[in-house]
Amino acid sequence: MIHYNSVAGWMEFPWLSVSQGLTATYTIAYKLKDKTGEHWTSRFSRFKNKENKAEWGGAYVMFDAVPDLMKHLGLNMQQTMFLPALSSGEKQADPNRSICWIAKECARVCGANYSDTSLIKNVHQKIHNIYDAGGRSAELDKANYQAVKMQAKNFVVFDDIVTRGDTLSRVALAIHATNPDSTVYGITLAKSESVAYCPNPDNDHVPARWDTLWQKGEQDHAKKFPKV
């Protein structure tokens with residue numbers, strides 16, 4: 001079981017199975033691979049499947065949770081850059097993808113910098129369809145992440161789901177390669193986990209207001225885009 005600390009409502013992972021280049025990774029809750037009916041797990045699954053209501057729910061939570069985390073970390077926002085991780089089919093981030101517009105709005109709310117053009121990589125297969133760690137790492141080797149030189153000291157990389165930390169770690173190493181002496185944090189909606197591996201994991205730690213905000217996000221989307 002990988003240990004986490006409770007920080008400003010978040011799960012703080014000082015290290016993951018793969019954590020090169022990362023100071024810490026933060027996530028809202030577990031996405032339980034073998035307990036798919038669990039409350040937050042089902043939400044994250046719908047977000048991953050690009051259900052628009054769930055994307056709004058996740059966004060509402062992040063808009064509340066990220067500023068509190070930045071205050072806790074004490075980062076100088078003028079020297080901090082928010083970046084979206086890239087999906088498997090992207091060479092450069094699509095600004096219309098949910099993680100991109102969520103990260104951009106979080107940057108605006110926090111007063112941080114934002115870029116969706118500073119990371120590039122090669123297209124590769126979806127790693128969640130590869131079930132052994134070696135295969136995932138081999139596929140990610142093909143990505144060959146690269147980052148440009150950026151005017152920032154702190155970098156916050158946004159993604160939807162973290163499992164082993166391999167993707168975030170590769171992004172972090174790419175950032176360090178062109179931005180030495182920088183600090184890189186990962187932020188995700190969920191940590192994918194197995195009940196069989198992590199005995200009795202639960203999401204009871206999630207603040208009640210975040211549950212309410214997710215519901216409000218979904219309700220507001222339904223009001224704005226009613227089904228015909």
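1. A friendly place to start is E51, which at 28% relative accessibility counts as partly exposed (buried means under 20% relative accessible area, exposed over 50%, partly exposed in between, with a 1.4 Å probe and protein chains only). E51 forms a salt bridge with R46, the closest N and O atoms being 2.4 Å apart; a salt bridge here is a side-chain nitrogen of Lys or Arg within 4 Å of a carboxyl oxygen of Asp or Glu. R46 is partly exposed too, with a relative accessible area of 24%, and a network of salt bridges links R46, E51 and E218.

2. A word on the basis: this is a predicted model, where local features need pLDDT of at least 70 and side-chain atom pairs count only at pLDDT 80 or more, while totals for chains, interfaces and linings use all residues. Residues are numbered from 1 along each chain as its sequence is written, and side-chain values use heavy atoms, leaving out hydrogens and water.

3. Now the sheet. Seven strands make an open sheet with mixed pairing, in the order 1-2-3-9-8-4-5. Helices (H or I, at least four residues) and strands (E, at least two) are DSSP runs numbered from the N terminus, and two strands pair if DSSP finds at least two bridges between them. Strand 1 (5-7) and strand 5 (113-114) are at the edges with a single partner strand each, so one side of each has no neighbour in the sheet. Strand 4 (residues 80-84) and strand 8 (residues 154-162) run parallel, joined by five bridges, and M81 stands opposite F155 in strand 8.

4. Helix 1 (residues 39-48) packs on this sheet, touching strand 3 (24-32), strand 8 and strand 9 (183-193); contact means heavy atoms within 4.5 Å. The direction of helix 1 makes about 105 degrees with that of strand 3, where axes are lines fitted to C-alpha atoms, for helices over the stretch in contact, and angles run from 0 to 180 degrees between N-to-C directions.

5. Helix 6 (residues 208-224) deserves a look. Its buried residues include W210, W214 and H221, and what covers the buried residues of helix 6 includes strand 2, helix 1 and helix 2. D211, also buried in helix 6, forms a salt bridge with R43, with the closest N and O atoms 3.0 Å apart. That pair links distant parts of the chain, D211 in helix 6 and R43 in helix 1, 168 residues apart. R43 is buried, at a relative accessible area of 5%.
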